[in-house]
Amino acid sequence: MSGNVDERGEMVLRADQTLNEALQLFIRFEVNEVPIIDHQRREIGRLTCRTLLKAVADKWDGRTTIESLWNGEKETEQVGREPADAPKVSRASVSELTAMVERLKRELQETQSIVETMKTVLDSAYEGIVVVDAHGIIQEINKAYCQFLGIRREDAVGKHVTEVIENTRLHICLESGIPERGFIQKIYGQPMVVHRIPIWRDGKVIGAIGVLIFQGVSEVYQIFKRLQDLSREASRKEEKEERAAPSRKQIFGLNSIIGRSPVIAEIKQMVRRAARVPSTVLITGESGTGKEVLAKAIHQSSPYADGNFISVNCAAIPESLLEAELFGYEEGAFTGAKKGGKPGKFQLAHKGTLFLDEIGDMPLYMQAKILRALEEKKVERVGGVEEMELDVRIIAATNKNLEEMVRKGQFREDLFYRLNIIRIHIPALRERKMDIPYLLAYHMERICEQFGLKQKEFTKEAMQVLMDYSWPGNIRELVNVVEWLVGMVDGQKIQKEHLPAHILSPQRLAKHGDKEGEKRKIVVQTDTNWREIVDAYERERIKQALIEERGNKAAAARKLGMHRSTLYEKLKKYNL
Ligand SMILES: Nc1ncnc2c1ncn2[C@@H]1O[C@H](COP(=O)(O)OP(=O)(O)OP(=O)(O)O)[C@@H](O)[C@H]1O
């Protein structure tokens, strides 16, 4: 910069110097204006801080010479001379503005780098990936997809997805907001496996991602066969359980917790941690939020998975029977005691998990007994003399405020601390609305499969109403609504008008903040109605299948997509 001082010791810039050099000089000496000289060192004008910053902000090419800026090659307005009414830039603001420009430049570079990384990731993927906006317009498509379709990226971006990808349903997925996983889509006559994933933000679908997984279904079959061979041995236990409930898809452990909200991700993380240690877990959350589902997931992912998962609803067992239920009894322990006695839930859960649901409803004297069992790891049957050593993982759950109950003396403080070692809280469904479409899709698929029906879809309007609803009964209520809709709607599309009246006009239901009891009453009441309707529907379907198959039960079971033993159970249930 030494060449930038004239004979009078003043700062100058030569016209052939670059904007980079000028900016450095302005920053280093915090000047506001510098004379520009030609090669004969004559002053030909002045470069102001404002002009320099504008040039930088407009087209930041640091190699541009002051001269070319001056000549207006890249600038349309007069450059170099400050308009008469231009605001004067103070020394302080010079440094502030340059710092701002530097910051913006850095941020821009970072954003460009992220975009570049994303593009590289997309293009490195083996799968075909396409991203559309809320209108179905392609925003991004990766190399693998373009190669498969035989198109260029620039010919696809900006077009509606239906113009580019044959038989796509990505635009339908935008409407329903429901993900479609593992669907078969024919492209160029070839069956392909695809995922369609809607992108939700602030309760709205803002786009969708389509993933073309393999180059063909045959490849999936090959992989599936390989996996089957490998896991045959390991899956003996699963097969046993599947036999017990053949019409339902079995999902285990963490996979049984459906939801994509950040809070569900956190909960899954907690489940992973809780599964690793034998510590007691306390699960809290409103009724129907999935406390039992979570407890099972912990059990299935833990070293206790080979043992039983025994669930006890402490509120449902009469007080007088609770002790015998939990600890078992010896023969003759009391009038009416079974011959040979009976093992208690603790004993049944030995080397497994005991799930104490509604622990807040446990009477105080039983709390003391449970505490003793937990601390000593021993139980004694009612009427017995011998103690049995037990290795049981305890998971307790409640929808009550146990801290408050401890304060009021309704719950033992020592038991509370013994239970509260790992605490997991499940928020109400209305506090994690982005899980709603995933739960609807999951239960729709599960129930349709169970009833042997083709899966139904929600229209955008119906989905919006379901998203807006506050679900006072949480996921249990959602499951009931799906079951009701599967039974009641004839076509494949579930329209807004098909939804139950209390969901369409929720003001008829109790508002949040109303007494818990009131809320429960409404949910239970609606539950009963749904159950009756669903049962009537199922009875009718079974009757029809038997008529069509001329009384052949095996054929009717096949037609209904249920196992023969399930059909026998239902025939008994419906008196058919
Ligand atoms: N994350 C989830 N994914 C899928 N289904 C779920 C999930 N959570 C709950 N459900 C379903 O919701 C219903 C209620 O779940 P669950 O019985 O675990 O709730 P809960 O909180 O234990 O209820 P309560 O307090 O009344 O005992 C069940 O049908 C269950 O399958």
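Which residue stands opposite Asp 357 in E13? Select Asn 313 to find out: Asn 313 is the one facing Asp 357.

Before going on, note that this is a predicted model, where local features need pLDDT of at least 70, side-chain atom pairs count only at pLDDT 80 or more, and totals for chains, interfaces and linings use all residues. Residues are numbered from 1 along each chain as its sequence is written, and side-chain values use heavy atoms, leaving out hydrogens and water.

**The sheet.** Now show strand E13 (residues 353–357) and E10, which pair in the parallel sense over five bridges. Strands (E) are DSSP runs of at least two residues and helices (H or I) of at least four, numbered from the N terminus; two strands pair if DSSP finds at least two bridges between them.

**The ligand.** Go back to Asp 357: a polar atom of its side chain lies 3.1 Å from an oxygen atom of the ligand. Next, pick Ser 287, whose side chain has an N or O atom 2.7 Å from a ligand oxygen. His 443 places a side-chain N or O atom 3.0 Å from a ligand nitrogen. Such polar contacts are pairs of N or O atoms within 3.5 Å.

**The surroundings.** Finally, colour domain 3 (254–427) and domain 4 (435–573), whose bounds come from an automatic or database domain assignment. Both give residues to the shell around the ligand, so the ligand lies between them.

Conventions: Polar contact = N/O pair within 3.5 Å; in protein donor to acceptor, adjacent residues only side chain to side chain.
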